[in-house]
Amino acid sequence: MAQAKVKRGRFLPQQWVLVLICVWCSQACGQGGSETLESMVDAHMEALDRKAAKWWQVDQISEAVKLYEEMVAYRPQHADSHFNVGIARYALGEHTLCMQSLDRALRLP
């Protein structure tokens, strides 16, 4: 029996879907939609940075790397996020990955 091929479209990353739902809910609930999508992403980036800093404090650098990489996924043009990934990778002894991240950070405006 032949299987039918499923044509897949392009979907938004899961994080963006969540942000869009939050924006829609805030507007639907009459909160005036004073928060923009950009400000919501900024707030999420700050929260991720705070969580990563806490992981650093308890010497769980691999957990911090995951959060920094999530920040890079949200904002690929954010040099500080690439820098943070690089520094964390250095602390883990992953020097090649460290240099790649630092190189990306230096090439961004």
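Biologist: At 5% relative accessibility, does His-82 count as buried or exposed?

Modeller: His-82 counts as buried, because its relative accessibility is 5%. The scale is simple: buried is under 20% relative accessible area, exposed is over 50%, and partly exposed is in between, with a 1.4 Å probe and protein chains only. One caution before we go on: this is a predicted model, where local features need pLDDT of at least 70 and side-chain atom pairs count only at pLDDT 80 or more, while totals for chains, interfaces and linings use all residues. Residues are numbered from 1 along each chain as its sequence is written, and side-chain values use heavy atoms, with hydrogens and water left out.

Biologist: Where is His-82 found, and which residues is it in contact with, leaving aside its neighbours within four places in sequence?

Modeller: Contact means heavy atoms within 4.5 Å. His-82 is found in helix H4, and beyond those neighbours it is in contact with Val-72, Pro-76, Ser-101, Arg-104, Ala-105 and Leu-108. Helices (H or I, at least four residues) and strands (E, at least two) are DSSP runs, numbered from the N terminus.

Biologist: How many helices and strands does the protein chain have?

Modeller: Five helices and zero strands, so the pattern along the sequence reads α-α-α-α-α. Of the 109 residues in the protein chain, buried ones make up 27%. Among contacts with a separation of 6 or more, 38% join residues 24 or more positions apart.

Biologist: Let's stay with H4. Which of its residues are buried?

Modeller: A general idea first: an α-helix has 3.6 residues a turn, so residues three or four places apart point the same way. In H4 the buried residues are Ala-79, Ser-81, His-82, Val-85, Gly-86, Ala-88 and Arg-89. They pack against H2, H3 and H5. Just after H4, Gly-93 has a positive phi of about 85 degrees.

Biologist: At what angle do H4 and H5 pack?

Modeller: Axes are lines fitted to C-alpha atoms, for helices over the stretch in contact, and angles run from 0 to 180 degrees between N-to-C directions. Angles under 35 degrees count as roughly parallel, over 145 as roughly antiparallel, 65 to 115 as roughly perpendicular and the rest as oblique. H4 (residues 79-91) and H5 (residues 95-107) pack at about 165 degrees, with their axes 8 Å apart. They are therefore roughly antiparallel. On the H4 side the contact includes Phe-83, Ile-87 and Tyr-90, and on the H5 side Leu-97, Cys-98 and Leu-102. By class, it has nine nonpolar, four polar and two charged residues. In that count, Ala, Val, Leu, Ile, Met, Phe, Trp, Tyr, Cys and Pro are nonpolar, Asp, Glu, Lys and Arg are charged, and the others, Gly among them, are polar.

Biologist: And H3 with H4: what are the angle and the axis separation there?

Modeller: About 160 degrees, with the axes 9 Å apart, so H3 and H4 are roughly antiparallel too. H3 passes H4 in a left-handed crossing. A crossing is left-handed if the near helix is turned anticlockwise from the far one by less than a right angle, and right-handed if clockwise. Ile-61, Val-65, Tyr-68, Glu-69, Met-71 and Val-72 in H3 meet H4 residues including His-82, Val-85 and Arg-89.

Biologist: Which residues of H3 are buried?

Modeller: Ile-61, Ala-64, Val-65, Leu-67, Tyr-68, Met-71, Val-72 and Tyr-74. H3 also packs on H2, at about 165 degrees with axes 8 Å apart. The crossing of H2 and H3 is left-handed. Trp-55 and Trp-56 of H2 are among the residues in that contact, which by class has 13 nonpolar, one polar and four charged residues.

Biologist: Last, the loops. Where does Asp-59 lie?

Modeller: Asp-59 lies in the loop between H2 (37-57) and H3. Its phi is near 60 degrees, a positive value in a residue other than glycine, and at 58% relative accessibility it counts as exposed. Arg-75 sits in the loop between H3 and H4. Arg-75 is 34 residues from Val-41 in sequence, yet their C-alpha atoms are 8.9 Å apart. Leaving aside neighbours within four places, Arg-75 is in contact with Glu-38, Val-41, Asp-42 and Met-45.
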